[in-house]
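Open the model in your viewer and keep the selection tool at hand. Each stop below gives something to select and says what is there.

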Amino acid sequence: MPANSKTGHPGDQFAFEHTTQAQRDWIKGLPGTLVISDDVFMCHGTPASDLVYFLEQVDQHGCRMAAAADIETRAAGIAHSLIICGHTHKPRAHAISGQRLVVNPGSVGLQAYDDDQPYFHTIENGSPHARYAICEKTAHGWNVAHLNISYDHHKAAATALKNGRPDWARWISTGRA
């Protein structure tokens, strides 16, 4: 898609309109995956795609936890003991073969949304709390603490409203889609 064309997604279009070419070039230069250490591998969606959910499956019935076999397939070829993913904003951890753990830390700012790809579905965390995870390696494996933190979500929602996004304001305020 040309650098000046609409992306088709209102959030992406807003980001495009509120960043400079230099900022977009910097983002384009970021790697699709990142190896933090011999133990930690990071990706946004899956190692193969920024747009596919690692721990969830979307079909005509909505979004749910992916089958264990599908998660294993997405993690194929990654030997790191901790795989950190994102994209769904849904905090969770899932143990897979090889004593590996896949962790989605959640989202700091958007606790719900809807999407129509590949089918219409919603993601809801149920409250406006910012979410993140602390992962600590121990002799017995990884400890993961998923944290929910209060912040001034009313101010964030007001900013979304000011920017013409009442849907985002509702999602930020409630954690519900």
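Start with E124 and R176. They form a salt bridge, and their closest N and O atoms are 3.2 Å apart. E124 sits in strand β9 and R176 in the segment after α5, so to speak two distant parts of the chain, 52 residues apart. E124 is partly exposed, at 25% relative accessible area. R176 is partly exposed too, at 46%. Bear in mind that this is a predicted model.

**Next, N125.** Select N125, in the loop between β9 (121–124) and β10 (130–138). Is N125 buried or exposed? It is buried, because its relative accessible area is 16%, under the 20% cut-off. Now show side chains. Those of N125 and Q111 are joined by a polar contact of 2.9 Å. Beyond its sequence neighbours up to four places away, N125 touches H89, K90, P91, Q111, R131 and G175.

Select E72 and R100 for another one of them, with the closest N and O atoms 3.3 Å apart. E72 belongs to helix α3 (residues 68–74) and R100 to strand β7, so this pair ties together parts 28 residues apart in sequence. E72 is partly exposed at 26%, whereas R100 is buried at 11%. Then pick D59 and R64. Their salt bridge has its closest N and O atoms 2.8 Å apart. D59 is buried, at 14% relative accessible area, while R64 counts as partly exposed at 42%.

**The sheet.** Switch to a cartoon view. Look for an open sheet of five strands, in the order β1-β2-β5-β7-β6, with mixed pairing. Its edge strands are β1 (33–35) and β6 (92–96), each pairing on one side only. On average, neighbouring strands are turned by 20° against each other, direction ignored. Zoom in on β5 (residues 82–84) and β7 (residues 100–104). These two run parallel and are joined by three bridges. Which residue in β7 is the bridge partner of L82? Select L101 to see it.

**Last stop, helix α4.** Select residues 153–162. The buried residues of α4 are H153, A157 and A160. Look down the helix axis: they fall within an arc of 55°, so they line one face of α4. Residues three or four places apart in an α-helix point the same way, because there are 3.6 residues a turn. Turn to the face away from the buried side for the exposed residues H154, K155 and K162. What covers the buried residues of α4 includes α5 (166–174). Finish at G164, which follows α4 and has a positive phi, near 80°.

Terms used:
Residues numbered from 1 in each chain as written. Predicted model: local features only at pLDDT ≥ 70, side-chain atom pairs only at ≥ 80, totals over all residues. Heavy atoms only, no water. Helix = DSSP H or I, 4+ residues; strand = E, 2+ residues; numbered from the N terminus. Buried < 20%, exposed > 50% of the residue type's maximum accessible area, 1.4 Å probe, protein only. Polar contact = N/O pair within 3.5 Å; in protein donor to acceptor, adjacent residues only side chain to side chain. Contact = heavy atoms within 4.5 Å. Pairing = 2+ DSSP bridges. Axes fitted to C-alpha atoms, helices over the stretch in contact; angles between N-to-C directions. Arc of directions from axis to C-beta. Salt bridge = Lys/Arg side-chain N within 4 Å of Asp/Glu carboxyl O.
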